[in-house]
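This report concerns the strands, helices and aromatic rings of one protein model. Please examine the sequence and the structure before reading on.

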Amino acid sequence: MNIKEILAQSIKAAAQKAIEAGTIKDGELPAVVLEVPPQKEFGDFATNFAMQAARSLKCNPRMVAQAVVDNLACAYIDKTEIAGPGFINFYLKQDWVYSLLSNILTQGDGYGDLKQEKPEKIQLEYVSANPTGPLHVGHGRGAAVGSALANLMKAAGYNVTREYYINDAGNQVENLAASVNARYLALMGVECEFPENGYHGVDIIDTAKRIVKIYGDKFMQMEEEDRLHEFKTLALKEKLAALKEDLQAFNVDFDVWFSEKTLHDEGRIKAACDFLLERGHMYEKDGALWLKSTEYGDDKDRVVIRDNGIPTYLAADIAYHRDKFERGFDHVINLWGADHHGYIARMKAAVGSLGYKPEQLEVLILQMVSLYRNGELVKMSKRTGQSVTLNELIEEVGTDAARFFFIMRSIDSQLDFDLTLATEKSSDNPVYYVQYAYARICSILRQIAEENIAIDEKAPLTSLTAEVEINLIKKLGEYPELIAAAAKERAPHRLAHYVYELASLFHSFYNQCRILGVETEVQQARLLLVIAVSHVLKHALNILGVSAPERM
């Protein structure tokens with residue numbers, strides 16, 4: 001149990017004791033919320049509990065605060081102070097930070113791994129880019145944020161399944177096949193018109209060249225329909241393999257790769273439509289089938305099956321989300337790009353129509369990414385003249401910098417990615433600054449090993465009295481609560497901010513407090529503090545999908 005939980009229990013117990021003694025009226029007590037005051041003179045922690053409780057207890061907030069203070073029993077509290085309309089400020093004895101550090105050291109690498117009694121079963125779908133070409137930087141932000149969020153929620157105790165939805169059906173793959181076909185024919189010396197909605201990327205030409213190299217003129221003997229079918233299969237296989245390779249290089253993994261094509265081939269789209277028709281949530285009009293999405297707040301009903309019998313994208317998405325919930329997920333989270341914002345209402349309507357609660361579907365929207373180099377906006381790749389790919393970004397700044405820069409801003413804000421800063425080896429580069437803190441610790445530990453200095457894991461910690469040492473321990477103590485809150489808020493950027501602040505405190509400690517060559521007791525205590533910092537830095541970087549280098 002951490003200090004905030006101990007304080008919260010003590011406050012609740014004090015209020016209950018005051019009610020039993022008749023000092024304050026009986027009533028429902030609110031949850032205790034404790035926060036670190038912005039200024040140290042207001043104590044280590046503060047709460048507005050008395051002001052919240054006064055409403056249900058129907059008495060003056062300061063009277064509630066005084067009753068709590070008078071009945072408070074907590075060995076860690078040095079003094080309390082009632083401020084303003086009823087805030088209670090808590091000043092703790094120094095001992096609590098030593099108990100905190102000792103607890104962190106006991107948990108070791110597992111500090112930050114939380115447990116839930118009944119963890120929600122959550123499916124998190126992210127990236128899900130069409131497998132028709134390379135991933136671009138926008139996909140990169142989704143990949144970094146999605147994978148970090150999955151890691152974060154797992155650390156917070158949720159049961160998370162990471163899923164990629166492969167868009168391997170519909171017009172986009174037909175256009176892919178037609179584009180490869182046009183490039184193939186051109187390479188074989190046959191003039192043909194490039195498809196109107198074709199893909200013009202260099203990668204399509206490369207695919208056609210590989211087909212020529214492996215198969216030669218084999219496909220020239222085929223009817224075009226058969227050739228297109230073959231090219232669709234070959235191109236999809238190649239593009240998906242390349243996509244998986246790029247994601248793996250970016251420290252992004254998935255538990256499930258779900259094929260849209262299976263929804264069509266196995267009749268699950270028709271089954272979902274039949275189900276909605278039976279439930280009265282779909283109707284026929286002008287030869288098409290419509291979802292009654294206005295029943296769930298959408299601005300208009302949506303076509304699911306066109307009048308020519310061809311399903312819309314919504315049809316496959318309805319079947320896919322039905323499949324998600326039939327697999328037993330309590331909650332489904334989709335990470336989408338900004339251009340999908342208008343699609344949210346109809347998908348929530350579909351989920352409601354399927355018999356689930358619309359709020360069981362949560363959609364997170366990622367804003368756009370702009371690249372800058374030396375202060376200038378980078379619009380196109382120098383290599384291809386087209387959008388900058390994720391692979392090109394990784395080549396320029398590295399996986400670690402790319403991931404950290406993508407994650408460190410809230411997803412609802414547009415990201416200006418500074419390519420120049422991301423490659424700097426200086427304290428101005430946030431990922432370098434954080435990694436350097438970990439590498440510094442590893443250097444210290446190597447040095448004591450070389451000097452045959454043994455670490456006493458039971459050494460007393462009371463010699464850690466400097467303000468910078470106490471602040472560092474307190475920062476370490478915030479970590480589990482930060483994990484829980486950031487996971488609940490779906491905010492991995494909070495973890496990036498935390499680890500930067502922790503690194504900053506460590507660098508200050510390193511510059512102000514000698515670790516080696518001081519009194520044995522002080523040296524041992526500082527070494528233990530350093531080890532605790534290394535545990536948290538590495539744990540947080542692992543969640544962010546960023547490496548923790550031992551040398552820099």
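The model is predicted, so local features need pLDDT of at least 70 and side-chain atom pairs count only at pLDDT 80 or more, while totals for chains, interfaces and linings use all residues. Residues are numbered from 1 along each chain as its sequence is written, and side-chain values use heavy atoms, with hydrogens and water left out.

**Two open sheets**

Helices (H or I, at least four residues) and strands (E, at least two) are DSSP runs, numbered from the N terminus. Two strands pair if DSSP finds at least two bridges between them.

Strand β2 (residues 45-47) runs antiparallel to β1 and is joined to β1 by two bridges. Opposite Leu34 stands Thr47 in β2.

Another open sheet has three strands, ordered β8-β9-β10, with antiparallel pairing. Here β8 (282-285) and β10 (302-305) stand at the edges with a single partner strand each, so one side of each lacks a neighbour in the sheet. From one strand to the next, the twist averages 45°. Three bridges pair β9 (residues 288-291) with β10 in the antiparallel sense, and Leu289 has Ile305 in β10 as its bridge partner. Helix α11 (residues 313-326) packs on this sheet and touches β9 and β10, where contact means heavy atoms within 4.5 Å. The direction of α11 makes about 80° with that of β10.

**Aromatic rings**

Rings of Phe, Tyr and Trp (its six-membered ring) pair if their centres lie within 6.5 Å; planes under 30 degrees apart count as stacked, over 60 as edge-to-face and the rest as tilted. The whole structure contains 24 aromatic pairs. One of them is the edge-to-face pair of Phe254 and Trp257, with 5.2 Å centre to centre and 65° between the planes. Ring pairs also link Tyr126, Tyr164, Phe254 and Trp257 into a cluster.

Phe254 counts as buried because its relative accessibility is 11%, whereas Trp257, at 28%, counts as partly exposed. Buried means under 20% relative accessible area, exposed over 50%, and partly exposed in between (1.4 Å probe, protein chains only).

A charge sits over a ring if NZ of Lys or CZ of Arg is within 6 Å of the ring centre and within 35 degrees of the ring normal. The table gives two cases.

| Charged residue | Ring below the charge | Distance from ring centre |
|---|---|---|
| Lys244 | Trp257 | 4.6 Å |
| Lys285 | Trp290 | 5.4 Å |

How values were computed. Axes are lines fitted to C-alpha atoms, for helices over the stretch in contact, and angles run from 0 to 180 degrees between N-to-C directions.
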